[in-house]
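Have a look at the structure first.

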Amino acid sequence: MLLEVNFVRAYPKVYAKLVQEYLSKESADWGGLSQDTYDAGMELVEELNSMKPVRILYPSECLYTAAKLHGTDCKKRGFFSHTGSDNSNPQSRILKQCPAFKSGNENGAGNSAADPRVPNISLLLDSGISSRGHRYNMLDPKWENCACFRYSDPKYGFHWIQKFSSAK
């Protein structure tokens, strides 16, 4: 998944074409796309086509630990939430595992595929999320590090957690 995140950050115009292909394929499938998803997709393609590349993110063991601990917690509870069972939030979980970092955030994609491209595009589309917070997390140039964790749920499939952080 980190390779996929870095792909969109380093080559936004190329990734815009992948998003267009995804939208075209999903539109042709039974049921098609909702208007909101289509609109979010067109907005994303336009944004990626006008975006300058941003630095790639480096893996971080402590971020991975934070993602894994949170994913394990969510799996035990049977649902994903940005709030941990101990009422922790994304930044507090990151700073607990990575005290050298100054800030952080997370994305989560549920009911998804094992292949990281599908949940990555889903988070970039951010359909139904007016702030586009998942997209901005992924594309934010201030981030320096990232770690991702995937877990499976027999009822809902794969879930992905992305953690982002910066020492600044």
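**Cysteines and rings**

Cys74 is buried, with a relative accessibility of 1%. Keep in mind that this is a predicted model. Cys148 is in no disulfide either: the nearest cysteine sulfur to it belongs to Cys146, at 3.9 Å, while the cut-off is 2.5 Å. At 16% relative accessibility, Cys148 counts as buried.

So where does a disulfide turn up? The count comes to one, and it joins Cys62 to Cys98, with 2.2 Å from S to S. The link is right-handed, with 120° about the S-S bond. It ties together distant parts of the chain: Cys62 sits in helix α4, and Cys98 in the loop between α5 and β2, 36 residues apart. Cys62 is partly exposed at 24%, whereas Cys98 is buried at 2%.

Now for the rings. A search of the whole structure gives five aromatic pairs. One of them is Phe7 with Tyr11, edge-to-face at 6.2 Å centre to centre and 75° between the planes. Ring pairs also bring Tyr15 into a cluster with Phe7 and Tyr11, and Phe7 is partly exposed at 24%.

Another edge-to-face pair is Tyr64 with Phe149, at 5.9 Å and 70°. This pair links helix α4 (Tyr64) to strand β3 (Phe149), 85 residues apart. Tyr64 is partly exposed at 34%, but Phe149 is buried at 12%.

Finally, Lys142 lies over the face of Trp143, 4.7 Å from the ring centre.

Notes. Residues numbered from 1 in each chain as written. Predicted model: local features only at pLDDT ≥ 70, side-chain atom pairs only at ≥ 80, totals over all residues. Heavy atoms only, no water. Phe/Tyr/Trp six-rings, centres within 6.5 Å; stacked < 30°, edge-to-face > 60°. Buried < 20%, exposed > 50% of the residue type's maximum accessible area, 1.4 Å probe, protein only. Helix = DSSP H or I, 4+ residues; strand = E, 2+ residues; numbered from the N terminus. Lys NZ or Arg CZ within 6 Å of the ring centre and 35° of its normal.
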